[in-house]
Each structure stands twice: as C-alpha cells, then as structure tokens.
Amino acid sequence: MIRIVVIATLLTLAAAVAHGKECKGVTFPEHVQVDGSDLTLNGLGLRKATFLKVSVYVAALYVTQPSRDPRALIESSGPMELILHFVRGVDAEDLTKAWSEGFERSAQGQLAPLTQRIARLNGWMSDVKRGERLTFTRRPGAGIEVDVNGTVKGTIEGDDFARAFLGIWLGSMPPNPELKEGLLGGACE
C-alpha cells in the first residue's frame, strides 16, 4: 500500500512539473483562463537591470496563439496576459520611471495620445516586494486590466495603449534582449 502511495505521489509531482515552466525558481503554469479563453504560455523572460545585470523580475506571456513573431503578438486582437513576478523589491518611483522610458521607446513618436493613460498606470503603482506580482490582462474591446499583487486597480482603454504596452517587451528596444527572447519562447536567462 505504501508503495502505491509513493508511486502516485511521484506521478502527481511529475505531472505538475510537466505542466509548468520555471525560471529563477519561479514556476508558471502552461495555461491560464481569461474570460473563458484558454491562454497558453508563450514564454518566460528575465528582466535584468543595470550594467551589473541584476535580476528584477520573471515575466510570463500568455496568448491564444503562441508565436515567435513579436509583431504578430503585438498586433494580435485576442486576449493576453503578462505577469511580472518580482525576484527583488522595486520601489514605485523606479517602476514609474521604467514605464515612462518603456513607452517612450515603444511608442516611437506616438506618445502624446498615450500620456494621460501612462500617468494613470503610474498612479496605480506602489512599491513591489520580492515575490509580488503585477498582472496585465488584455481584454479585447476593453483594454488592459492592471492588477497589483492581487488587487485590480482598473482598466486602461485603447488598442493603441495595448500595442505600445506590449511593445515595451516585444518591440525593437526591449529593456534587455534576453527578456524579449524568453517571452518569444527562447530560454529564460
């Protein structure tokens, strides 16, 4: 009887590992549900900061149709979810600075119409501790819902905002190239 329990436990653990992916000790499931849609993990990427390459967060991108084409993902009209799991603490000032710089790189000359919505996103940010998450869920026709460590702050409307937002990580000038490569299905390193 004990042998059966041990085998069953090992099989359950093996199935759990097979149904998720891990990076820097952070595990994400292969699938999530958003408004009744099954989203698949497209990839995991590691955000590194400064010349010292300090690990900041592990990002997970969930999509309806996995792809290695960043343009196809940015232009997609389907639901998506981007989760940032922090592996170190970051204060709100650094987060808002990063958002502003990311939008400047991503929007490339189309920043003016986004300014008020970027300010709203920045207003929802607070200090993030190690182990906490920011979750951004793209809901077609509604916008991007912002969840700060389990608390929904609101939704920022507009497909233009959603494209610029996703372009921060998937565009031509991501925070670090390894992050983009990981989100597109490459190694998380």
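Strand β6, spanning residues 80–86, is mostly covered in this predicted model, with 7 of its 7 residues buried. Here, buried means under 20% relative accessible area, exposed means over 50%, and partly exposed lies in between, using a 1.4 Å probe and protein chains only. Strands are DSSP runs of E with at least two residues, numbered from the N terminus. Residues are numbered from 1 along each chain as its sequence is written, and side-chain values use heavy atoms, leaving out hydrogens and water. Because this is a predicted model, local features need pLDDT of at least 70 and side-chain atom pairs count only at pLDDT 80 or more, while totals for chains, interfaces and linings use all residues.

In a regular strand, side chains alternate between the two faces of the sheet. Both faces of β6 are covered: Met80, Leu82, Leu84 and Phe86 are buried on one side, and Glu81, Ile83 and His85 are buried on the other.

Next come the neighbours of this strand. Two strands pair if DSSP finds at least two bridges between them. Strand β5 (residues 54–63) pairs with β6 in the antiparallel sense over 7 bridges, and methionine 80 in β6 is the bridge partner of valine 63. Strand β7 (residues 133–139) also runs antiparallel to β6, joined to it by 6 bridges; here leucine 82 stands opposite phenylalanine 136.

Two loops deserve a look as well. Most residues other than glycine have a negative phi. Aspartate 35, in the loop between β3 (31–34) and β4 (37–49), has a positive phi of about 50° although it is not a glycine. Aspartate 35 counts as exposed because its relative accessibility is 58%. Asparagine 149, in the loop between β8 (143–148) and β9 (151–156), has a positive phi near 50°. At 40% relative accessibility, asparagine 149 counts as partly exposed.

Key. Helices (H or I, at least four residues) and strands (E, at least two) are DSSP runs, numbered from the N terminus.
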